[in-house]
Amino acid sequence: MIERLQISHLRNLTQVNLPSAACNVIIGVNGSGKTSLLEAIFLLSRGKSFRHHQPKRYIQHHQNTATVHAKINDGSTLAIQKQADATTILRLNQTTVYNQSILTEQLPTLLIDPSTMDMLEQGSASRRQLLDWLVFHMKQGFHPQWVAYQRLLKQRNSLLKKTRHLTQVQLAELRSWDKGLSNHAALIHHYRERIFEEWQPYFAKSITQLLPSYAEQLSLSYSAGYDTSIALDVQLDERLEQDLQLGYTRIGNHRADIHVHWRSHGSTKLNDALINEKIDTDVNKALPVLKEQAANVLSRGEKKLLITALRLSQLPLLLNNADSDLSTGYATSQITPVVLLDDITAELDDRAIHILLSTLSKLPCQVFMTSLTDDIVPLVQSLWSTPNVFHVKQGQVFLS
C-alpha cells in the first residue's frame, strides 16, 4: 500500500506531497488536477499514462521531466522519471532498475475510468490486456514469454512490410522466427487459458451482484487468436503469401480476445407457438438457444455494470492466489493492489456504486477515487474507518 505519494511537474501538479490511507477520495472540478493524481500512480505502476502515450503531453510546460515517487508500507520506495524524449529512469529503493515490470510487480494497479467503459465495442486489445494483467501478476513465467513473443512479432512484421517477395535468406530467417513464435505462443496460451478458467467463477459471482437478472445469461469465452490444435509456425507458413500481401501477421497470441456472450431461450411468441402446435410440451427442451455478443443486447448502463464486473472480479482472484507457493507458478507477494476509480459517479448509478465500494472495502486493496463533488464522502466514511479526503484546486492538493 502506498503510504506517501510525491509528484513533480506532471500536468498542472507542480509539487505534490501527500499521505495516503486505505481509501482516498479526491474532489475537484474538471481541470483541477484530480485525474492527474491517478495518472501519476498509473504511470509509476505501468510506465505509461492512461491518457496519453507521449511524455511531452503530460510533462508540465517548460519542464524537461516529470517525476513520481512513492513510499510503500513495507518501507520500500518506487520512483519513475519521464523525460520529454521518452527516456525513462526507474528506481526501486534508490537503486536504478531497467525493467518496468519490476515496479509493476511491486505496485499492481487496476484502473476503472470512463475510457474503459467502451471496451466491449473496441478492438480486442483492451480485453486481451484485461486478461494479461491477471496472468502477469499470477504466473511468473508469463512475462518473459510475452516479451520474447512481441520482439519476434515486431521483427516478422517489419520484414513483411518491407517486401512482397522473400529471398531464400529472408525466408529462412522468417521461418526461424516463426518457430520461436510458435514455442512462445504455446506457453502464453497455456498461461492465459489456466488463469481464464480460474477467473470464470469470480466473474459469475460479480455478475450476480451487479446484474442479477442476467446472471444465467452472461458468460465469458477466451479465443487464443489461432488454432491451438496446430503448431503456430505451421499455420504461419500456410498463410505466408497472404501475410506478405497485407504486410502484417494475422494470427497468433496478439489476436487473442475475451468475449462476453448473452444467451437467450427464445421469445414469448415462440414459446406460445411451440406450445399451441404441441411440438414439445417441455418448452425448455424445444426452444433454440440464441447466442450473441452482450454488447449488442445490453443497454449503455448495463454495459457499464458488465465492464465493472469484469474488472472487479479480478481482485479477489488475484488476492486469493497472492500467498500461493512459488512452486505452483503463482506470485508470493503480499503487496496490496491499488484500485484507481476515476469519476465513477458519472458512469455508475447509486446502486452500482454502493456495490462496488462495499466490495472494495472488504478486500485488502488500496483505493484512490475522484469525484466532482463530495456527495460520495458519506458512503465512503460508512465503509472505511479513516479515509483521506483531498480537495484539488488548480493543481494544489489539500487534505480535509
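## Lysine 179 and its partner

K179 is partly exposed, at 45% relative accessibility; here buried means under 20% relative accessible area, exposed over 50%, and partly exposed in between (1.4 Å probe, protein chains only). The side chain of K179 meets that of D233 in a salt bridge, with 3.8 Å from N to O. A salt bridge is defined as a side-chain nitrogen of Lys or Arg within 4 Å of a carboxyl oxygen of Asp or Glu. K179 lies in helix α6 and D233 in helix α7 (residues 232–238), so the pair ties together parts that are 54 residues apart in sequence. D233 itself is buried, with a relative accessible area of 17%.

## Basis of the values

This is a predicted model, in which local features need pLDDT of at least 70 and side-chain atom pairs count only at pLDDT 80 or more, while totals for chains, interfaces and linings use all residues. Residues are numbered from 1 along each chain as its sequence is written, and side-chain values use heavy atoms, with hydrogens and water left out.

Helices (H or I, at least four residues) and strands (E, at least two) are DSSP runs, numbered from the N terminus.

## Other salt bridges

Side chains of opposite charge can pair when their charged atoms come close. Across the whole structure, a search finds 11 salt bridges. One of them joins E121 to K303, whose closest N and O atoms are 2.5 Å apart. This pair links distant parts of the chain, 182 residues apart: E121 is in the loop between β8 (109–112) and α4 (124–138), and K303 is in helix α11 (residues 300–312). E121 is partly exposed, with a relative accessible area of 41%, whereas K303 is buried at 12%.

R156 and D178 also form a salt bridge, at 2.6 Å from N to O. R156 belongs to helix α5 (residues 142–162) and D178 to helix α6 (residues 168–210), and the pair links distant parts of the chain, 22 residues apart. R156 is buried at 0% relative accessibility, and D178 is buried at 3%. Salt bridges that share partners join R156, D178, D243 and R250 into one network.

C23 is buried, with a relative accessible area of 1%, and C365 is buried at 5% relative accessibility.
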